[in-house]
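Please write a short report on the structure shown here.

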Amino acid sequence: MQVHLVDGTYELYRQHFGQATRHSDPPPFAGTIGVLTSTIQLLQDGATHIGVATDHVIESFRNDLYDGYKTSEGMEPVLLEQIPILEDALRAMGVTVWAMEKYEADDALASAAAVACEDRTVHKVLILTPDKDLGQCVQGKRVVQFDRRNNIMIDEAAVIEKFGVGPSSIADYLGLVGDSADGFPGLQGWGAKSASTVLAKYELIDNIPDDHTQWVTDGVTVRSAEKLATTLRENRKDAALFKQLATLITDVPVGDVGDWLWRGPTDRFEEVANKLGAPQLIERISRLKSKIGL
């Protein structure tokens, strides 16, 4: 069995801006219709167990930890308005939705991946987002990310190739380097190369010695080692906070794998599709039901 875990917020962005490049005046619910269409395509391609995580509220508990963390400010109103519409439409289509308020969509995806890993009937978990945060959930070839836009599968080897460290070090890597998309800066002077070089040896920030001469003794060669070590030594509290911001929660209630089985649309789907101005979705769902014998 394969499980497909979809970053609904990312998909809404992707579909909205994809429609904007294809149409000078896209319909008002273009993003939502695009996500529904791509979800139906997943089912047509053989997906059976699907969960979609959304940021019902963009702000999360991480905003209480750090003032600079990302907010909904500056987001296009058309996207913010479509989030609850998308959630309702997916539920009408019979798809499991995790609408996050205290937590983020990424936390729900990480939690669902953890649940799926405990289920012996699941042989592969696909997390459908290129978001680097989710790299910390990747396990070998069993739990992978799939970048649908670029048709790229990201397994553990690919994470290591891209970041120079394995999944268990991704939160530490982001704690040092920062994540502009999420709004935290990392430590001054620490870049991708220095972070990957040092973490490749020590794996976790807490394991990195304060004294740069110990790095040399341990065979770690990195430019400006003394300056980097000083920065870390003087800013360990910040590094720990940034790592905490980057670390995904894995115990958000998401149900069991069996709950994510698609059993067909609800009686509301036809009405919802028509309100969206997408009657073609009704026909696609009808053909899909016939194909799989629902």
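Ala 113 touches Leu 5, Val 125, Ile 127 and Val 143, leaving aside its neighbours within four places in sequence. This is a predicted model. Ala 113 belongs to helix α5, residues 105-117. Its relative accessible area is 3%. Buried means under 20%, so Ala 113 qualifies as buried. Ser 168 is 55 residues away from Ala 113 along the chain, and their C-alpha atoms are separated by 15 Å.

**The sheet**

Next comes the sheet. It is open and has 6 strands, in the order β3-β2-β1-β4-β5-β6. Its pairing is mixed. Which strands stand at the edges? They are β3 (96-100) and β6 (152-154). Each has a single partner strand, so one side of each lacks a neighbour in the sheet. Neighbouring strands are turned by 25° against each other on average, direction ignored. Strands of a sheet pair through backbone hydrogen bonds, either parallel or antiparallel.

| Strands | Sense | Bridges | Residues facing each other |
|---|---|---|---|
| β2 and β3 | parallel | 5 bridges | Ala 53 and Trp 98 |
| β1 and β2 | parallel | 5 bridges | Val 3 and His 49 |
| β1 and β4 | parallel | 5 bridges | Val 3 and Val 125 |
| β4 and β5 | parallel | 3 bridges | Ile 127 and Gln 145 |

Val 3 has bridge partners on both sides. In β2 the partner is His 49. In β4, Val 125 stands opposite Val 3. Strand β4 covers residues 124-128, and β5 covers residues 143-147.

How many residues of β1 are buried? The count is 5 of the 6, so β1 is largely enclosed by the rest of the structure.

**Helix α2, between sheet and helix**

Helix α2 spans residues 30-44 and packs on the sheet. It touches β1 (2-7), β2 (49-55) and β4. The direction of α2 makes about 160° with that of β2.

Helix α2 also meets helix α13, residues 280-292. Two packed helices are described by the angle between their axes and the distance between the axes. For α2 and α13, the axes come within 11 Å and cross at roughly 15°. The two helices are therefore roughly parallel to each other. The crossing is left-handed. On the α2 side, the contact is made by Ile 33, Leu 36, Thr 37, Ile 40, Gln 41, Leu 43 and Gln 44. On the α13 side, the residues are Gln 280, Leu 281, Arg 284, Ile 285, Leu 288 and Lys 291.

**Helices α7 and α8**

Another helix pair is α7 and α8. Their axes come within 9 Å and cross at roughly 140°. That angle makes α7 oblique to α8. This crossing is right-handed. From α7, the contact uses Asp 172, Tyr 173, Leu 176 and Val 177. From α8, it uses Ala 192, Ala 195, Ser 196 and Leu 199.

The loop between α7 and α8 holds Asp 182. Is Asp 182 buried or exposed? It counts as buried, at 5% relative accessibility. Leaving aside neighbours within four places in sequence, Asp 182 is in contact with Gly 68, Tyr 69, Lys 70 and Asp 133.

Helix α10 runs over residues 225-234. Its buried residues are Ala 225, Leu 228, Ala 229, Thr 231 and Leu 232. They cover an arc of only 160° around the axis, which puts them on the same side of α10. What lies on the other side of α10? There, Glu 226, Lys 227 and Glu 234 are exposed.

Conventions
Residues are numbered from 1 along each chain as its sequence is written. This is a predicted model: local features need pLDDT of at least 70, side-chain atom pairs count only at pLDDT 80 or more; totals for chains, interfaces and linings use all residues. Side-chain values use heavy atoms; hydrogens and water are left out. Buried means under 20% relative accessible area, exposed over 50%, partly exposed in between (1.4 Å probe, protein chains only). Helices (H or I, at least four residues) and strands (E, at least two) are DSSP runs, numbered from the N terminus. The arc is that of the directions from the helix axis to the C-beta atoms. Two strands pair if DSSP finds at least two bridges between them. Axes are lines fitted to C-alpha atoms, for helices over the stretch in contact, and angles run from 0 to 180 degrees between N-to-C directions. Contact means heavy atoms within 4.5 Å. Angles under 35 degrees count as roughly parallel, over 145 as roughly antiparallel, 65 to 115 as roughly perpendicular and the rest as oblique. A crossing is left-handed if the near helix is turned anticlockwise from the far one by less than a right angle, and right-handed if clockwise.
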